[in-house]
Amino acid sequence: MKLVKNFKGLKKWAKTLFVAMLTICIIFTTTGVGTLYAEADTDGYPTYESYWSTQPSVINPGGVTYDGQEHQLFSLGANRTPYPADLIFHYGYGYEYSTDGVNYSTEGSVSQTAVGTYYLKVTVWYTKINDDNTEGERVELSEVYTNSINAISIETMTMSLTPSSPITYTLDAATTAANTGSYYTLSGLDLGTHYTVSGPDLSSPPVPGDYTVTLTGIGNYTGTLTGTVRVPDVTILFDNSSTQNSSYTNSVTLSVDNYTISYTPDGTYNSSITYTELGTHSFDLYCKASDGTVIKKTVSNLTIESSIPVKYDGSTTKASSYTNKVDITADGYTVGTSSSGPFSTTYTHTTVGAGQVITLYFRNSSTGTVTPVTINDLTIVKADATNGTSTGKITVDTYSSDKLALTTDVVYLTREPKLIQIEASNSAGVSKIEYATATDIYYTISDIEGAVTDGKMKWKNYDGSSCPTIPLNQASYIYARITDANGGYTYLSTGQVIHDNVAPTVSSVSLNKSSSSSSSTSTDNVLVISGSDEVSGVESFYMTYAEKTNNMTTPSAETIISTGQKVEVAVRDGKLVAANANLSGLYSDKTYVFYVVAKDKAGNISAVSQTETKGQGASSSAVSGNSVNKDGSSSGLAAAPNGIAGSGTGNTNAKQTTNASKKTAKAETEEPVAEATGLDREIIRTPYISDATGNTKIGLEATGGWDKIKSEVEKAQDGTTVYIEMSGLSTVPASFFSTLKGKNVTARLEMSDDVEWIIDGANVVTSSGADIDMGVKVGSMNIPNDLLYSVTGSYPHKEIELQHNGALGFDATLRFPIGTNYENKKAYLYYYDTDKKELLLMQSSSISSSGIAEFDFDHASDYTIVIRPDEMLVGTGTTVNAGTAEAEALTAEGSSVTLAEAGSVSTPSTFAVTDMVGQKASVRIWLFAVAIISAALCGFILFMPGFKLQESYDEDDD
């Protein structure tokens with residue numbers, strides 16, 4: 001019976017403990033906000049929290065995203081729990097607001113509109129009652145709540161176009177933007193207030209190419225949007241041929257399919273132009289499509305040779321201008337202004353004017369045959385361009401002119417405002433001085449006055465008391481007209497004067513392997529820089545670089561210019577320029593940071609352009625101690641391929657002697673194209689067929705450009721494999737896929753970073769009609785780290801992004817270089833679903849002895865490749881939680897890991913009570929667990945059948 005009584009006592013103990021533990025659980029799980037502490041403070045008086053039955057609370061913890069609307073940030077508590085009079089003599093409460101957490105005001109609202117953090121301070125006042133019932137200490141307790149309205153990222157928005165000119169552009173699939181500068185808009189936002197724009201100015205007809213523009217949020221908006229403006233290329237036809245001859249006799253007809261053309265952007269456009277100017281010329285053509293698109297295309301080194309040996313003042317070379325007259329002759333011919341004569345040995349042209357076009361007829365003195373010859377751009381100026389008696393001078397700082405300058409040379413350049421000063425003198429008196437500025441040069445008085453009549457410029461009075469300044473950011477000519485007391489005029493002009501205060505830009509910086517470097521050396525890299533300047537032109541670049549370390553500091557532009565390397569401009573194409581610098585001692589396993597600035601001819605300096613890149617040589621561990629001289633130069637190293645970034649072979653003319661299905665190395669005795677330097681190729685970027693089976697032509701000269709490539713593919717025999725060196729480019733035109741479609745021809749696209757695409761023409765059954773960017777960005781870092789780590793674990797991986805967005809429209813095989821040190825291991829390809837935030841295993845591939853893995857694609861997106869030494873351990877279709885063992889972290893094909901699962905990998909040892917029951921304090925999880933376990937144990941003791949039996953024994957004893 002004693003044992004039974006002990007059980008009876010245990011039962012009473014269990015009841016007590018059960019009630020206590022259950023109470024703790026209820027407190028944890030049911031107490032509302034503000035009742036976390038039910039006990040009084042240490043001196044017996046209530047705490048702030050216990051004073052309220054309903055405290056204020058934060059609505060949408062973490063804040064709301066800015067949308068211009070008013071949002072309620074706090075919910076105000078209204079109920080107070082009164083306390084006995086012996087504790088509280090008097091009580092009250094109040095709300096105060098603040099935007100900085102320091103200065104509070106009773107004015108304000110729980111609803112806010114603007115971006116920022118808002119503070120709500122709630123204060124409780126009461127007076128303690130002393131033991132002798134007298135009024136004691138006045139107590140003030142406060143609690144501060146915070147919430148915010150957060151800036152919205154413009155990355156969630158879409159760029160749109162509101163063009164204010166007839167120029168439109170075609171973009172890649174990555175963006176909907178279609179112009180630059182103020183032409184880019186974000187719906188409902190204001191340029192300069194909500195976002196800024198950086199990028200090239202394409203408001204004038206641009207040259208074909210890709211241009212990048214970036215929109216950056218400011219004020220209530222954050223983030224950036226970047227778009228690529230693609231100005232499509234056009235092909236100029238010379239007498240209906242896409243190939244330009246070295247020379248033409250008398251004339252050549254220029255045209256562009258589906259475009260009309262003109263010599264000036266605002267001129268008359270025709271379907272074709274017959275060019276007849278004798279000599280060798282380079283000039284711009286403006287090509288307009290039916291939708292109004294205008295593209296500038298340069299014609300270079302066009303040579304027109306006359307069948308008639310025309311001479312100008314005895315010279316076969318025509319001068320830019322002649323004074324008063326020019327004598328035109330031809331040996332063995334007489335000349336006239338009509339096909340029927342009369343003819344004489346000399347034709348003297350005396351008409352004053354610039355850019356005249358005349359047609360003369362030359363008769364062969366032996367045969368009598370008459371041949372017409374058109375002479376273009378003939379300029380005659382007067383010896384004395386004045387009919388007045390005054391003299392004068394136009395002065396701009398250190399430059400001055402006392403006549404019609406008649407030159408297009410830049411005679412003065414400044415980045416600071418400079419005054420235009422005009423002096424005049426005449427013994428009979430000067431009645432008036434006038435001036436005008438224009439962007440065009442006029443050679444004669446009639447041309448100058450004609451420009452005024454046409455409204456191209458306007459005479460303004462010059463009084464000398466408030467001198468005008470050079471027009472800003474344009475190349476200008478200054479004209480002056482001095483009127484003497486007798487009504488005579490004297491005309492003066494200058495050459496080009498430029499006031500340029502616009503900084504140049506650095507468009508791109510890339511590191512390529514030199515055409516003279518070996519694949520095994522760390523030396524001889526070529527840094528290729530491109531940039532532009534809108535007004536005076538880029539004078540040179542300045543560069544410095546260092547191996548990447550932690551906490552690197554970007555040097556100022558002035559420091560780079562004073563201590564860095566000057567890189568001279570090597571190629572100019574209008575406003576665009578390019579330059580290259582040869583570098584030594586760069587290793588492929590080291591990352592280098594390059595800092596580049598551009599300086600224009602006026603002295604303006606660009607912002608610092610910062611680029612990180614790996615060296616193009618061997619790894620530092622692979623280079624022997626005597627491979628590089630102490631001065632950094634290479635020592636006895638073999639020649640390497642060309643300097644094009646991502647190019648395959650450097651030999652552009654060699655061809656295999658067999659029809660092997662795979663490309664072999666070129667013979668060392670075959671010579672590369674000597675004329676194309678690394679810089680030239682970097683700028684030209686011309687794809688070509690580097691190798692092929694069968695009778696297909698190869699080499700840059702024979703197959704350079706997509707038109708020639710398509711022609712070879714069209715003619716290729718069945719079973720032919722064509723290797724296309726992309727020369728650092730990545731976009732393949734839709735017309736190529738149309739040509740390849742359905743043919744028994746395999747195209748292998750040799751991309752950057754030794755990536756290769758294999759496309760079987762038989763698999764191309766449809767053509768989308770759009771160009772496709774086949775670029776593969778290695779190390780894209782688009783997949784969230786937590787999700788990525790949950791899959792890769794400790795195994796190596798390579799994250800890639802296919803530049804095209806969406807379906808390719810055909811099946812293509814990607815040959816990806818993993819590395820020879822992973823030979824015979826397995827590579828697993830995971831697709832990143834951006835909507836579901838999960839990784840889906842798509843394929844696996846054995847890594848070859850050459851370190852290559854192959855994967856099939858019909859869709860472009862973000863992927864990661866995981867390398868493992870063994871097969872998967874998890875069955876097909878299994879979904880693996882990211883917190884499971886590392887061996888299970890890699891799932892079989894078709895299974896996935898979500899971002900939510902990835903987030904469960906790391907489990908904190910402590911957490912806030914608010915995470916469980918909305919409370920405001922933090923406790924350790926084991927406190928709650930102990931209460932639950934204890935309550936369960938007591939319940940077990942209390943209600944188990946054995947204890948009920950003991951209870952019946954007790955009753956029997958009684």
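How many helices and strands does the secondary structure of the protein come to? It comes to 14 helices and 61 strands, where helices (H or I, at least four residues) and strands (E, at least two) are DSSP runs, numbered from the N terminus. The model is a predicted one, in which local features need pLDDT of at least 70, side-chain atom pairs count only at pLDDT 80 or more, and totals for chains, interfaces and linings use all residues. Residues are numbered from 1 along each chain as its sequence is written, and side-chain values use heavy atoms, with hydrogens and water left out.

Of the protein's 958 residues, 44% count as buried; buried means under 20% relative accessible area, exposed over 50%, and partly exposed in between (1.4 Å probe, protein chains only). Among the contacts (heavy atoms within 4.5 Å) with a separation of 6 or more, 63% are made by residues 24 or more positions apart.

Strand pairing comes next; two strands pair if DSSP finds at least two bridges between them. Strand β23 (residues 294-305) is joined to strand β18 (residues 248-249) by two bridges, and these strands run parallel. Y248 has I304 of β23 as its bridge partner. Strand β22 (residues 279-288) is joined to β23 by nine bridges, and here the strands run antiparallel. In this pairing H281 stands opposite L302 of β23. Five residues lie between β22 and β23 in their hairpin, and G292 in the turn has a positive phi of about 95°.

V335 has its bridge partner, F362, in β29. β29 also pairs with β30 in the antiparallel sense, over eight bridges, and Q356 stands opposite L378 in β30. The hairpin of β29 and β30 has five residues between the strands, and G368 there takes a positive phi near 85°.

β29 and β30 also take part in a pocket. A pocket is found on a 1 Å grid over the protein atoms alone: a cavity is a set of points where a 1.4 Å probe fits but cannot get out, whereas a pocket is an open set with protein on both sides within 12 Å along at least five of seven lines, and lining residues have an atom within 4 Å of a point. The second largest pocket holds about 970 Å³ of space. Two or more residues of its lining come from each of β29 (353-364), β30 (370-381) and β37 (475-484). The lining has 22 residues in total, and T408, T439, D440, I441 and Y477 lie nearest the centre of the pocket.

Q496 lies in strand β39 (residues 496-499). Is Q496 buried or exposed? Q496 counts as buried because its relative accessibility is 17%. Beyond its neighbours within four places in sequence, Q496 is in contact with residues including T408 and Y477.

In helix α7 (residues 706-715), the buried residues are W706, I709, K710, E712 and V713. They cover an arc of only 160° around the axis, so they lie on the same side of α7; the arc is that of the directions from the helix axis to the C-beta atoms. Among the elements they pack against are β48 (688-692), α6 (700-703) and α8 (734-740).

G769 is found in the loop between β52 (756-760) and β53 (772-773). G769 counts as exposed because its relative accessibility is 60%. From S735, G769 is 34 residues apart in sequence and 7.4 Å apart in space, C-alpha to C-alpha.

Conventions
Grid points are joined across faces, edges and corners, and a volume is the space filled by probe spheres set on the points.
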